[in-house]
Amino acid sequence: MFKSRLLLTFLTLGLTLSLSPPLQAQDLTLFQEAQQALQAGKTPEAIVLLERLTRLERENAAAFNLLASAYLEQNSLELTWATLQQAHQIDKNAPLNHYLKARYHLASKSLGRAQTELKTVAYLLERQPESDLWIALATTQAELGASDQALLALRAAQKMALSSTQEIQTYLLSAKLSPAQAEVAIEKALQLMLSAPNLSLPGAEVQSLFSQFPEVWQRIEAQALQNLDTALASQDTLSLTRELLKLERMLQKTETVPALQTRLLSQLEIAQEKYPRQPLLRQFVVKQYLKGQRYPDLLAFYRYELISQTKNWDEATQAEAIKRIADLHLRTGFLDFAFANYEKALSINPQLVEARQRLGLLYLVANNQGEALKQWDFLLKNNPLDQKSRLYQALSLAYAGKKEAAERTLAQVPAEFEPRLRDQVLVVLNNAREAKPELLELLLPEAQILSSHAQVL
């Protein structure tokens, strides 16, 4: 069925309500629930709600038309036709009813009857225009190869006040109907889609447009990057924030196009190299790598940054930069590299709490409890209220077979603090065993390893 989900979306969300008499408050809620169910793809649930509503409101044309569209979505043609006939008896001049009849005839392979209904829709819309239906009519005529009729309906829609979603629909349809002007129309559609906060196209459609119109995408990217460079050169924080927000939307809405993502991020890296002391840009690049779990790229970025910027950093920043490299190694399972970099970071800044905790955990899961305990002792000497380190200390003591010391240490920690970690200590106390490497995931879940990287270095 031709783009049934797209068509039903803009035929059910608001349009049908305007074509019927006012509903009672209770019934309006049922109608809205049905609309939401259809939008979410829960057609059977919508049908149950609408069947109930049409039993309550026998003169409600909007409810019958919406119910017919739901039946049509499920290809229940007999029920569709019976419901459309019921709606027609209530309101013979509802454009939506005739449009749905045309869709029914198309599904029934009755092209002639469908065209007759589509002509009726056009006639009625001239007298009671509805932008959604003009667009739906144009789309259907284009599918049937009736380009002239499709263009007439499209132009009628374009004369009306349109939402951003509707504008995008008209641009995409215009590109299909007027190939000579396709690039211009596609560029307008993409610019609008990328600039609107809550608008996006299906991933498959974005991929298709990227492969069909690469030059358009390149122009859009080039303009976005030029705007970014202008904002960076001006050192205007407000302008820079605005341009980064636009780029973030572009990246979010093109997640199904890896080639575009890679290209954009590469250009952003170049911009960051040009403006290395701009923290907003630097953190934006890091955020995108984290979001896409592009850890090898992020590791390369961190290493380049460490080499090029060390001379400009104080010792605390250098240590934190090395610690973040260690975190990436830890997240990707390279424990030896993580261990070496945590040690290196601590040799520069011994007070780096998170690095020392993670070094202690690596010792703990390697069953070197003596070295692990040194880390916990150091941390607790500097901060006796560090309850997590105290729990780690209790766990190391338990693994070392020092049951009484472990119990005393555990008793110092509030019972409600980190219950999962406390339970692990109790398990080891009651069943002496050696630590295993897989214990690390329990002590430090993957989701937590890179959580601090979203903060500016």
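In the predicted model, the buried residues of helix H21 are Ala355, Arg356, Gln357, Arg358, Leu359, Gly360, Leu361, Leu362, Tyr363, Leu364 and Val365. Helix H21 is thus mostly covered, with 11 of its 13 residues buried. These buried residues pack against H19, helix H20 (335-348), helix H22 (369-382), H23, H26 and helix H27 (446-449). The end C-alpha atoms of H21 lie 19 Å apart, in agreement with the 18 Å that its 13 residues should span at 1.5 Å a residue. Just after H21, a positive phi of about 65 degrees is found at Asn367.

Lys323, Asp327 and Leu330 of H19 make the contact with Glu354, Ala355, Arg358 and Leu362 of H21. By class, three nonpolar and four charged residues take part in this contact, and no polar ones.

Helix H25, formed by residues 419-430, comprises 12 residues and reaches 16 Å from its first C-alpha to its last, close to the 16 Å expected at 1.5 Å a residue. In H25, Leu421, Arg422, Gln424, Val425, Val428 and Leu429 are buried. Viewed down the helix axis, the buried residues of H25 fall within an arc of 155 degrees, so they line one face of the helix. The elements that cover the buried residues of H25 include helix H23 (387-399), helix H24 (403-411) and helix H26 (439-443).

Note on methods:
Residues numbered from 1 in each chain as written. Predicted model: local features only at pLDDT ≥ 70, side-chain atom pairs only at ≥ 80, totals over all residues. Heavy atoms only, no water. Helix = DSSP H or I, 4+ residues; strand = E, 2+ residues; numbered from the N terminus. Expected span 1.5 Å × (residues − 1). Buried < 20%, exposed > 50% of the residue type's maximum accessible area, 1.4 Å probe, protein only. Arc of directions from axis to C-beta. Contact = heavy atoms within 4.5 Å. Nonpolar A, V, L, I, M, F, W, Y, C, P; charged D, E, K, R; others polar.
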